[in-house]
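Here's a quick briefing to read with the model open beside you. Take a look at the structure first, then work through the notes by topic.

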Amino acid sequence: MAKYTIGVDYGTLSGRAVLMEVPNGREAASAVFAYPHAVMDRALPDGTPLKPDWALQHPQDYLDVLGHTIPEVLQKSGVSPADVIGIGIDFTACTVLPVLRDGTPLCFLPEYQSRPHAYVKLWKHHAAQDKANALNRIAEERGEKWLQNYGGKISSEWAVPKIWQILDEDPEIYEKMDRFIEAADWIVWQLCGKETRNSCTAGYKEIWNKKAGFPSGDFFAALDPRLRNLPDEKFSREILPLGSRAGSLTAEAAALTGLPEGIAVAVGNVDAHVCVPAVGIDGPGKLLAIMGTSTCHILMGEKEIQVPGICGVVEDGVMPGYFGYEAGQSCVGDHFAWFIDNCLPASYDEEARSAGKNIHQLLREKAAPQKPGESGLLALDWWNGNRSVLVDVDLTGLMLGMTLQTRPEEIYRALIEATAYGTRMIVENFQKGGVPVEEFIASGGIARKDPMMMQIYADVLKMPVRVTSTSQGPALGSALFGAVAAGKEAGGFADIFEAARSVDTSRDIVYRPIPENSAVYDRLFAEYERLHDYFGRGENDVMKRLKAIKNAAR
């Protein structure tokens with residue numbers, strides 16, 4: 001009798017579940033549930049307005065994902081719940097929320113439903129940038145060695161700037177919360193009934209180190225005296241390694257999901273990092289780009305090297321025995337969507353509808369015949385700031401070279417090319433830092449749906465790009481970890497390496513660079529790099545000055 005595990009992937013706008021057959025890794029069924037509250041960046045559900053750069057979510061949406069998608073995959077597949085042996089989950093990160101000691105989110109309490117700081121702070125909540133700036137300055141002044149493990153800067157997206165913002169702006173919420181917890185760990189808590197913390201989010205997002213632990217109390221006190229005991233008062237020092245069993249499914253969670261009580265629940269994971277074994281990666285030198293609203297780049301190495309501008313290097317942060325490196329781009333699919341929502345003529349929508357095509361498909365068809373450099377356009381992909389290698393959310397987008405003859409499809413292609421240039425900056429930064437990049441693998445909906453984009457990436461990077469066949473990489477990775485948590489004796493896997501080797505990659509597609517295209521893109525990339533350094537490294541801070549003027553005018 002076949003055994004199965006379930007992986008649940010929590011994205012920016014929706015959650016999705018995959019039912020996976022063990023041990024062959026086959027996807028038996030999948031289901032998606034869109035968050036009813038979506039991303040709250042203008043107002044809370046009751047209309048309370050939000051300031052610029054806020055991005056919140058409602059934790060009830062996460063519970064609703066469990067209640068909708070898991071019963072659906074069981075119904076679609078016809079698989080008996082009794083044959084499911086484990087469940088794993090992954091989440092966007094750093095997505096964090098304040099909760100009581102029993103796990104109740106503060107925004108569930110009536111008295112806090114109009115308080116923005118009581119809600120989930122989504123990964124792209126950037127309103128704590130001033131706290132990140134101060135943290136980085138203080139850490140540098142104090143000579144904190146751990147700072148270089150994060151490329152020399154802690155992002156405003158990470159946990160400490162976010163909780164410091166709460167303390168500064170709404171100290172009552174800070175005092176009321178018993179825990180400030182990653183949503184990945186909170187959902188696992190709801191599944192197995194006890195708090196756990198996973199080494200991935202702790203290492204990359206909460207400044208925790210496997211050997212050294214958290215920074216000293218003196219450092220946190222230097223930020224604010226009230227933060228001296230932050231790890232003990234609001235976080236936790238009990239960190240579990242990836243692949244561990246967090247606990248067993250509770251009766252309440254079983255009733256919600258339709259799964260058997262007592263099955264294995266894996267510790268939480270991050271959506272990008274969990275995808276690594278799902279594409280068959282089981283060793284170093286293979287860079288995985290998970291491409292969606294943003295892109296996260298994950299790479300494993302055999303040594304701990306402090307590379308400037310990365311998001312972090314964490315021992316065992318992806319798979320045990322290796323150092324996991326993370327970099328990323330804050331805006332990829334997001335700025336394609338922005339362009340379509342705000343800049344596209346109505347005639348293009350009408351043409352797409354008449355042809356029965358998706359608007360992205362129409363734009364790709366119009367953009368594909370263009371030769372590299374033909375449009376005369378060059379863009380900086382900073383519509384949502386720059387995560388790597390500048391680590392600065394106050395940078396903004398730029399489009400250069402437009403004329404009265406510029407067409408929408410040319411702008412669309414220039415935005416795609418900009419993301420490829422940003423990825424090349426990351427790849428070259430790793431290589432210059434001494435971390436080899438020998439292969440490039442792309443996963444996610446954009447990679448699978450857009451051959452033109454993947455060919456551009458191969459041409460810009462001047463290396464083959466392998467696009468994975470799975471449509472649900474993170475959810476599949478979570479299902480693999482769920483099988484590891486269940487263990488060999490229950491029909492799962494002995495370790496995550498065995499799980500990764502079970503994945504079928506025979507249907508993956510490889511895009512190879514076209515030399516004549518790469519030659520032109522080399523010239524365009526050189527111009528991109530000049531603009532990148534001119535606007536991003538302090539020579540001209542006009543983007544930040546404009547942002548300050550905008551904020552002052554509101």
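Let's start with helix α11, which spans residues 333–343 and has G333, H335, F336, F339 and I340 buried. Those buried residues pack against α13, α14, α15 (445–449) and α16. Keep in mind that this is a predicted model.

- Seven strands make up an open sheet with mixed pairing, in the order β16-β17-β15-β14-β20-β21-β22.
- The edges of that sheet are β16 (312–315) and β22 (509–511), each of which pairs on one side only.
- From one strand to the next, the twist averages 25 degrees.
- Out at the β22 end, strand β21 (residues 465–467) runs antiparallel to β22 and is joined to it by three bridges. If you want a landmark there, V465 has Y511 in β22 as its bridge partner.
- Helix α14 (residues 408–432) lies across β14 (286–291), β15 (295–301), β17 (323–329) and β20 (439–443), and runs at about 150 degrees to β17.
- Helix α16 (residues 451–461) lies across β14, β20, β21 and β22, at about 155 degrees to β21.

- Y421 is found in helix α14. Buried or exposed? Y421 counts as buried, because its relative accessible area is 1%, and the cut-off for buried is under 20%.
- Which residues does Y421 touch, leaving out those up to four places away in sequence? Its contacts are L378, V460, Y521, L524, F525 and Y528.
- Y421 also sits 9.7 Å from D522, C-alpha to C-alpha, although 101 residues separate the two in sequence.

**Strand β1 and its partners**

- Strand β1 (residues 3–10) is mostly covered, with seven of its eight residues buried.
- On one pairing, β1 runs antiparallel to strand β2 (residues 14–22) over eight bridges.
- On another pairing, β1 runs parallel to strand β5 (residues 84–91), joined by seven bridges. Here G7 stands opposite G88 of β5.

**Salt bridges**

- How many salt bridges does the structure hold? The count is 36.
- D9 and R16 meet through their side chains in a salt bridge at 2.8 Å, N to O. Both of these residues are buried.
- R137 and E141 form a salt bridge too, at 3.6 Å, N to O. They sit four residues apart in helix α2 (residues 129–141), so about one helical turn separates them.
- As for cover, R137 counts as partly exposed because its relative accessibility is 45%, while E141 is exposed, with a relative accessible area of 58%.
- E351 pairs with K366 in a salt bridge, and their closest N and O atoms are 3.3 Å apart. This pair links distant parts of the chain, with E351 in helix α12 (residues 346–355) and K366 in helix α13 (residues 359–367), 15 residues apart.
- Both ends of that pair are partly exposed: E351 has a relative accessible area of 35%, and K366 has one of 27%.
- Salt bridges also link R179, E195, R197 and E206 into a network.

**Aromatic rings**

- There are 17 aromatic pairs in the structure.
- Y10, Y35, Y62 and F91 are linked into a cluster by ring pairs.
- Two lysines to look at sit over rings. The charged end of K131 is over the ring of W164, 6.0 Å from its centre.
- The charged end of K234 is over the ring of Y174, 4.8 Å from its centre.

Note on methods. Residues are numbered from 1 along each chain as its sequence is written. This is a predicted model: local features need pLDDT of at least 70, side-chain atom pairs count only at pLDDT 80 or more; totals for chains, interfaces and linings use all residues. Side-chain values use heavy atoms; hydrogens and water are left out. Two strands pair if DSSP finds at least two bridges between them. Helices (H or I, at least four residues) and strands (E, at least two) are DSSP runs, numbered from the N terminus. Axes are lines fitted to C-alpha atoms, for helices over the stretch in contact, and angles run from 0 to 180 degrees between N-to-C directions. Contact means heavy atoms within 4.5 Å. Rings of Phe, Tyr and Trp (its six-membered ring) pair if their centres lie within 6.5 Å; planes under 30 degrees apart count as stacked, over 60 as edge-to-face and the rest as tilted. A charge sits over a ring if NZ of Lys or CZ of Arg is within 6 Å of the ring centre and within 35 degrees of the ring normal. A salt bridge is a side-chain nitrogen of Lys or Arg within 4 Å of a carboxyl oxygen of Asp or Glu. Buried means under 20% relative accessible area, exposed over 50%, partly exposed in between (1.4 Å probe, protein chains only).
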